[in-house]
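Please walk through this structure part by part.

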Amino acid sequence: MKNITEILNSKYPLIQGGMANIANAVLASAVSNAGGFGLIGAGGYDAEWVRSEIRKCRELTDKPFGVNIMLMSPHAPAIAKVVVEEKVLVVTTGAGNPGIYMEEWKKAGIKVIPVVPSVALAQRVERAGADAVIAEGTESGGHIGELTTFALVPQIVDNVKIPVIAAGGIADQRGVLAAFALGAKGVQVGTVLLTTLECPIHENYKQMVIDARDTSTVVTGRQTGAPVRVLKNPMANHYLAMTKDGATLEELEKLTLGSLRRAVFDGDKETGSFMAGQISGLIKEIKPMKQVLSELFDGVNLYKSTLEVM
Ligand code: TUI
(Lines give C-alpha, C1' and ligand atoms only; values in the text may rest on other atoms or scores of the structure.)
Protein backbone atom coordinates (compact mmCIF):
# COMPACT_ATOMS: atom_id res chain seq x y z
CA MET A 1 0.00 0.00 0.00
CA LYS A 2 1.25 3.46 -0.89
CA ASN A 3 2.11 5.94 1.86
CA ILE A 4 0.00 9.09 1.99
CA THR A 5 3.14 11.18 1.44
CA GLU A 6 3.70 9.29 -1.83
CA ILE A 7 0.10 9.86 -2.94
CA LEU A 8 0.19 13.55 -1.98
CA ASN A 9 3.87 14.22 -2.69
CA SER A 10 4.12 16.16 0.61
CA LYS A 11 6.68 16.14 3.42
CA TYR A 12 4.15 15.26 6.15
CA PRO A 13 1.20 12.82 5.94
CA LEU A 14 -1.19 15.71 6.61
CA ILE A 15 -4.02 17.02 4.50
CA GLN A 16 -5.87 20.23 5.32
CA GLY A 17 -9.64 20.12 5.93
CA GLY A 18 -11.97 21.71 3.37
CA MET A 19 -12.87 24.60 5.72
CA ALA A 20 -15.65 26.32 3.77
CA ASN A 21 -15.24 30.12 3.44
CA ILE A 22 -11.81 29.91 5.10
CA ALA A 23 -9.57 27.76 2.90
CA ASN A 24 -8.54 30.17 0.15
CA ALA A 25 -5.22 30.31 -1.73
CA VAL A 26 -3.53 32.00 1.24
CA LEU A 27 -4.35 29.16 3.66
CA ALA A 28 -3.77 26.36 1.15
CA SER A 29 -0.37 27.70 0.10
CA ALA A 30 0.67 28.22 3.75
CA VAL A 31 -0.14 24.56 4.53
CA SER A 32 1.70 23.28 1.44
CA ASN A 33 4.71 25.56 2.01
CA ALA A 34 4.95 24.19 5.58
CA GLY A 35 5.14 20.58 4.32
CA GLY A 36 1.47 19.56 4.54
CA PHE A 37 -1.01 19.24 1.69
CA GLY A 38 -3.11 22.39 1.35
CA LEU A 39 -6.57 22.61 -0.20
CA ILE A 40 -8.71 25.32 -1.72
CA GLY A 41 -12.08 24.76 -0.01
CA ALA A 42 -14.78 25.44 -2.58
CA GLY A 43 -17.50 25.57 0.13
CA GLY A 44 -20.45 27.51 -1.29
CA TYR A 45 -18.37 29.55 -3.76
CA ASP A 46 -18.89 29.31 -7.52
CA ALA A 47 -16.63 27.66 -10.08
CA GLU A 48 -14.89 30.87 -11.19
CA TRP A 49 -13.90 31.67 -7.59
CA VAL A 50 -12.33 28.21 -7.37
CA ARG A 51 -10.48 28.67 -10.68
CA SER A 52 -9.13 32.03 -9.58
CA GLU A 53 -7.95 30.67 -6.18
CA ILE A 54 -6.22 27.73 -7.90
CA ARG A 55 -4.30 30.20 -10.07
CA LYS A 56 -3.45 32.42 -7.08
CA CYS A 57 -2.25 29.39 -5.13
CA ARG A 58 0.12 28.45 -7.96
CA GLU A 59 1.68 31.91 -7.54
CA LEU A 60 2.06 31.44 -3.79
CA THR A 61 3.60 27.95 -3.71
CA ASP A 62 5.57 25.59 -5.90
CA LYS A 63 4.39 22.70 -3.71
CA PRO A 64 1.43 20.48 -4.58
CA PHE A 65 -2.07 21.37 -3.37
CA GLY A 66 -5.65 20.30 -4.11
CA VAL A 67 -9.30 21.32 -4.04
CA ASN A 68 -12.07 20.27 -1.64
CA ILE A 69 -15.55 20.15 -3.15
CA MET A 70 -18.55 20.45 -0.83
CA LEU A 71 -21.05 18.25 -2.66
CA MET A 72 -24.16 19.89 -1.15
CA SER A 73 -23.24 23.09 -3.02
CA PRO A 74 -25.31 23.93 -6.12
CA HIS A 75 -21.98 24.84 -7.78
CA ALA A 76 -20.46 21.35 -7.29
CA PRO A 77 -21.13 20.15 -10.89
CA ALA A 78 -19.40 23.21 -12.40
CA ILE A 79 -16.49 22.99 -9.92
CA ALA A 80 -16.10 19.31 -10.84
CA LYS A 81 -15.32 20.48 -14.40
CA VAL A 82 -12.97 23.28 -13.30
CA VAL A 83 -10.70 20.88 -11.39
CA VAL A 84 -10.27 18.88 -14.61
CA GLU A 85 -9.64 21.98 -16.74
CA GLU A 86 -7.12 23.36 -14.26
CA LYS A 87 -5.34 19.99 -13.94
CA VAL A 88 -5.75 19.85 -10.17
CA LEU A 89 -3.69 17.01 -8.63
CA VAL A 90 -5.95 15.94 -5.77
CA VAL A 91 -9.65 16.41 -5.04
CA THR A 92 -11.22 15.72 -1.66
CA THR A 93 -15.00 15.75 -1.32
CA GLY A 94 -17.36 16.29 1.61
CA ALA A 95 -21.03 16.24 2.50
CA GLY A 96 -22.07 13.62 -0.05
CA ASN A 97 -21.21 10.74 -2.37
CA PRO A 98 -18.88 11.82 -5.22
CA GLY A 99 -19.79 8.72 -7.31
CA ILE A 100 -21.15 10.62 -10.33
CA TYR A 101 -17.87 12.51 -10.80
CA MET A 102 -15.38 9.70 -10.19
CA GLU A 103 -15.05 8.40 -13.74
CA GLU A 104 -14.31 11.84 -15.22
CA TRP A 105 -11.81 12.69 -12.48
CA LYS A 106 -9.99 9.36 -12.73
CA LYS A 107 -9.82 9.70 -16.51
CA ALA A 108 -8.17 13.12 -16.01
CA GLY A 109 -5.58 11.53 -13.68
CA ILE A 110 -6.88 13.34 -10.58
CA LYS A 111 -6.32 11.59 -7.25
CA VAL A 112 -9.67 11.42 -5.44
CA ILE A 113 -9.92 11.26 -1.65
CA PRO A 114 -13.53 11.45 -0.39
CA VAL A 115 -14.47 12.22 3.21
CA VAL A 116 -16.66 9.37 4.44
CA PRO A 117 -18.66 9.05 7.66
CA SER A 118 -19.30 5.27 7.40
CA VAL A 119 -17.83 1.92 6.30
CA ALA A 120 -20.54 1.56 3.64
CA LEU A 121 -19.61 4.81 1.88
CA ALA A 122 -15.88 4.02 2.21
CA GLN A 123 -16.45 0.72 0.38
CA ARG A 124 -18.62 2.37 -2.26
CA VAL A 125 -16.03 5.03 -3.12
CA GLU A 126 -13.24 2.43 -3.08
CA ARG A 127 -15.15 0.42 -5.71
CA ALA A 128 -15.61 3.63 -7.74
CA GLY A 129 -11.83 4.17 -7.80
CA ALA A 130 -10.98 6.41 -4.82
CA ASP A 131 -7.23 6.59 -4.09
CA ALA A 132 -7.73 6.93 -0.32
CA VAL A 133 -10.51 7.91 2.08
CA ILE A 134 -10.72 10.39 4.92
CA ALA A 135 -12.55 8.86 7.90
CA GLU A 136 -13.94 11.93 9.64
CA GLY A 137 -15.27 11.56 13.18
CA THR A 138 -18.08 13.53 14.76
CA GLU A 139 -15.53 15.46 16.88
CA SER A 140 -14.82 17.57 13.80
CA GLY A 141 -16.01 21.09 13.20
CA GLY A 142 -18.55 21.93 10.52
CA HIS A 143 -20.80 19.35 8.85
CA ILE A 144 -20.40 16.01 10.63
CA GLY A 145 -21.41 12.35 10.67
CA GLU A 146 -22.49 10.26 13.69
CA LEU A 147 -19.46 8.11 14.55
CA THR A 148 -16.45 9.12 16.62
CA THR A 149 -12.96 9.06 15.13
CA PHE A 150 -11.99 6.29 17.58
CA ALA A 151 -14.82 4.01 16.41
CA LEU A 152 -14.84 4.96 12.72
CA VAL A 153 -11.15 4.77 11.76
CA PRO A 154 -10.35 1.13 12.66
CA GLN A 155 -13.63 -0.12 11.20
CA ILE A 156 -12.93 1.58 7.88
CA VAL A 157 -9.28 0.42 7.98
CA ASP A 158 -10.46 -3.20 8.29
CA ASN A 159 -12.95 -2.91 5.44
CA VAL A 160 -11.04 -1.19 2.62
CA LYS A 161 -7.69 -1.80 0.93
CA ILE A 162 -6.91 1.85 0.11
CA PRO A 163 -5.14 4.07 2.68
CA VAL A 164 -7.28 5.71 5.36
CA ILE A 165 -6.69 9.24 6.61
CA ALA A 166 -8.10 10.01 10.08
CA ALA A 167 -9.87 13.28 10.90
CA GLY A 168 -11.67 14.71 13.91
CA GLY A 169 -10.11 15.56 17.26
CA ILE A 170 -6.49 15.70 16.13
CA ALA A 171 -4.50 18.74 17.25
CA ASP A 172 -1.23 17.47 18.71
CA GLN A 173 1.29 14.65 18.42
CA ARG A 174 -0.77 12.37 20.69
CA GLY A 175 -3.71 12.64 18.30
CA VAL A 176 -1.47 11.90 15.30
CA LEU A 177 0.03 8.85 17.04
CA ALA A 178 -3.43 7.61 18.07
CA ALA A 179 -4.64 7.92 14.48
CA PHE A 180 -1.69 5.87 13.24
CA ALA A 181 -2.20 3.31 16.02
CA LEU A 182 -5.78 2.88 14.75
CA GLY A 183 -4.38 2.05 11.32
CA ALA A 184 -4.62 5.44 9.62
CA LYS A 185 -1.80 6.36 7.23
CA GLY A 186 -2.32 10.09 7.54
CA VAL A 187 -4.35 12.81 9.24
CA GLN A 188 -6.65 15.60 8.14
CA VAL A 189 -6.79 18.62 10.44
CA GLY A 190 -8.85 21.80 10.45
CA THR A 191 -9.38 23.29 13.90
CA VAL A 192 -5.66 23.42 14.76
CA LEU A 193 -5.07 25.47 11.59
CA LEU A 194 -7.63 28.12 12.57
CA THR A 195 -5.20 29.65 15.05
CA THR A 196 -2.21 29.81 12.73
CA LEU A 197 -0.83 33.26 11.92
CA GLU A 198 -1.54 32.64 8.25
CA CYS A 199 -5.19 31.57 8.62
CA PRO A 200 -7.26 34.28 6.89
CA ILE A 201 -10.07 34.58 9.46
CA HIS A 202 -11.09 37.44 11.77
CA GLU A 203 -9.04 37.74 14.98
CA ASN A 204 -12.23 37.24 17.04
CA TYR A 205 -12.62 33.74 15.49
CA LYS A 206 -9.05 32.82 16.49
CA GLN A 207 -9.61 34.17 20.00
CA MET A 208 -12.84 32.17 20.39
CA VAL A 209 -10.95 28.95 19.58
CA ILE A 210 -8.20 29.88 22.07
CA ASP A 211 -10.79 30.68 24.76
CA ALA A 212 -12.75 27.46 24.11
CA ARG A 213 -12.83 24.56 26.57
CA ASP A 214 -13.70 20.89 26.08
CA THR A 215 -17.44 21.57 26.26
CA SER A 216 -17.48 24.73 24.16
CA THR A 217 -18.89 23.25 20.95
CA VAL A 218 -22.45 22.28 20.15
CA VAL A 219 -24.18 20.61 17.19
CA THR A 220 -26.87 22.54 15.35
CA GLY A 221 -29.04 21.18 12.55
CA ARG A 222 -29.40 17.57 13.74
CA GLN A 223 -33.15 17.79 13.08
CA THR A 224 -32.78 19.25 9.60
CA GLY A 225 -30.43 16.51 8.42
CA ALA A 226 -27.32 18.70 8.17
CA PRO A 227 -25.64 18.57 11.58
CA VAL A 228 -22.97 21.23 11.99
CA ARG A 229 -20.57 21.59 14.95
CA VAL A 230 -19.94 25.19 15.99
CA LEU A 231 -18.59 27.07 19.00
CA LYS A 232 -21.35 27.98 21.47
CA ASN A 233 -22.44 31.61 21.15
CA PRO A 234 -25.74 33.56 21.06
CA MET A 235 -26.29 32.45 17.44
CA ALA A 236 -25.94 28.74 18.28
CA ASN A 237 -28.09 29.11 21.41
CA HIS A 238 -30.77 30.93 19.44
CA TYR A 239 -30.74 28.21 16.76
CA LEU A 240 -31.13 25.43 19.32
CA ALA A 241 -33.90 27.30 21.17
CA MET A 242 -35.78 27.81 17.90
CA THR A 243 -35.38 24.11 17.05
CA LYS A 244 -36.80 23.18 20.45
CA ASP A 245 -39.77 25.49 19.83
CA GLY A 246 -40.51 23.67 16.56
CA ALA A 247 -39.18 26.25 14.07
CA THR A 248 -39.63 25.39 10.41
CA LEU A 249 -36.75 24.63 8.06
CA GLU A 250 -37.29 28.01 6.35
CA GLU A 251 -37.08 29.89 9.65
CA LEU A 252 -33.85 28.07 10.57
CA GLU A 253 -32.35 28.66 7.13
CA LYS A 254 -33.17 32.35 7.38
CA LEU A 255 -31.41 32.51 10.74
CA THR A 256 -28.22 30.85 9.46
CA LEU A 257 -28.06 32.60 6.08
CA GLY A 258 -24.64 34.24 5.81
CA SER A 259 -23.73 33.32 9.38
CA LEU A 260 -20.45 31.56 8.45
CA ARG A 261 -19.33 34.63 6.52
CA ARG A 262 -20.25 36.84 9.49
CA ALA A 263 -17.96 34.66 11.65
CA VAL A 264 -15.05 34.42 9.20
CA PHE A 265 -14.96 37.96 7.78
CA ASP A 266 -16.68 40.16 10.40
CA GLY A 267 -15.80 38.22 13.56
CA ASP A 268 -19.40 38.79 14.63
CA LYS A 269 -19.50 36.92 17.95
CA GLU A 270 -23.27 37.40 18.32
CA THR A 271 -24.69 36.27 14.97
CA GLY A 272 -21.82 34.36 13.32
CA SER A 273 -21.48 30.56 13.04
CA PHE A 274 -17.99 29.68 14.24
CA MET A 275 -17.36 26.15 12.98
CA ALA A 276 -14.73 24.34 15.08
CA GLY A 277 -14.05 20.86 16.44
CA GLN A 278 -14.24 19.42 19.95
CA ILE A 279 -10.44 19.64 20.22
CA SER A 280 -10.65 23.47 20.37
CA GLY A 281 -10.06 23.27 24.13
CA LEU A 282 -6.52 21.96 23.54
CA ILE A 283 -5.50 24.97 21.47
CA LYS A 284 -3.91 27.75 23.48
CA GLU A 285 -2.02 30.14 21.20
CA ILE A 286 -1.58 31.60 17.74
CA LYS A 287 1.47 30.11 16.00
CA PRO A 288 3.09 30.17 12.57
CA MET A 289 1.91 27.34 10.26
CA LYS A 290 5.41 25.84 10.03
CA GLN A 291 5.59 25.50 13.81
CA VAL A 292 2.16 23.85 14.04
CA LEU A 293 3.03 21.20 11.45
CA SER A 294 6.50 20.64 12.89
CA GLU A 295 5.04 20.13 16.38
CA LEU A 296 2.57 17.57 15.02
CA PHE A 297 5.19 15.39 13.33
CA ASP A 298 8.83 16.12 14.05
CA GLY A 299 10.72 13.79 16.37
CA VAL A 300 8.42 10.78 16.15
CA ASN A 301 8.47 7.70 13.94
CA LEU A 302 4.82 7.21 13.09
CA TYR A 303 5.31 4.11 11.03
CA LYS A 304 6.96 2.25 13.92
CA SER A 305 4.01 3.12 16.15
CA THR A 306 1.54 1.38 13.84
CA LEU A 307 0.21 -1.94 15.07
CA GLU A 308 -0.16 -4.64 12.47
CA VAL A 309 -3.82 -5.63 12.61
CA MET A 310 -3.98 -9.42 12.31
O1 TUI B 1 -18.18 18.43 4.68
C2 TUI B 1 -17.64 18.44 5.75
N3 TUI B 1 -17.62 19.51 6.57
C4 TUI B 1 -18.21 20.71 6.27
S5 TUI B 1 -19.00 21.12 4.83
C6 TUI B 1 -19.35 22.63 5.42
S7 TUI B 1 -20.25 23.81 4.51
C8 TUI B 1 -21.81 23.59 5.17
N9 TUI B 1 -22.34 24.60 5.80
C10 TUI B 1 -23.57 24.51 6.32
C11 TUI B 1 -24.29 23.35 6.23
C12 TUI B 1 -23.73 22.27 5.63
C13 TUI B 1 -22.46 22.38 5.09
C14 TUI B 1 -18.85 22.79 6.66
N15 TUI B 1 -18.22 21.70 7.11
N16 TUI B 1 -16.99 17.35 6.22
C17 TUI B 1 -16.98 16.15 5.48
C18 TUI B 1 -18.17 15.33 5.78
N19 TUI B 1 -18.77 14.63 4.86
N20 TUI B 1 -18.79 15.21 6.95
C21 TUI B 1 -19.83 14.35 6.76
C22 TUI B 1 -19.79 14.00 5.43
C23 TUI B 1 -20.66 13.13 4.69
C24 TUI B 1 -21.97 12.91 5.06
C25 TUI B 1 -22.77 12.07 4.29
C26 TUI B 1 -20.14 12.51 3.56
C27 TUI B 1 -20.93 11.69 2.82
C28 TUI B 1 -22.21 11.47 3.17
O29 TUI B 1 -22.89 10.63 2.37
C30 TUI B 1 -24.25 10.63 2.29
C31 TUI B 1 -24.59 9.91 1.04
O32 TUI B 1 -25.03 10.57 0.11
O33 TUI B 1 -24.30 8.69 0.98
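Residues are numbered from 1 along each chain as its sequence is written. The model is predicted, so local features need pLDDT of at least 70 and side-chain atom pairs count only at pLDDT 80 or more, while totals for chains, interfaces and linings use all residues; side-chain values use heavy atoms, without hydrogens and water.

In contact (heavy atoms within 4.5 Å) are 20 residues of domain 1 and 21 residues of domain 2. Together the domains bury about 1,600 Å², 62% of it on carbon and sulfur atoms; buried area is the accessible area (1.4 Å probe) lost on putting two parts together, summed over both. Asn-21, Thr-191 and Leu-194 supply 28% of the area that domain 1 buries against domain 2, more than any other three residues.

Between the domains there are nine residue pairs in polar contact, both residues at pLDDT 80 or more. A polar contact is a pair of N or O atoms within 3.5 Å; within protein, one must be able to donate a hydrogen and the other to accept it, and residues adjacent in sequence count only if both atoms are side-chain atoms.

Around the ligand are 16 residues (a heavy atom within 4 Å), of which Ala-95, Val-115, Leu-121, Glu-136 and His-143 come nearest. A ligand nitrogen atom lies 2.9 Å from a backbone N or O atom of Ala-95. For the side chain of Glu-136, the distance from an N or O atom to a ligand nitrogen atom is 3.0 Å.
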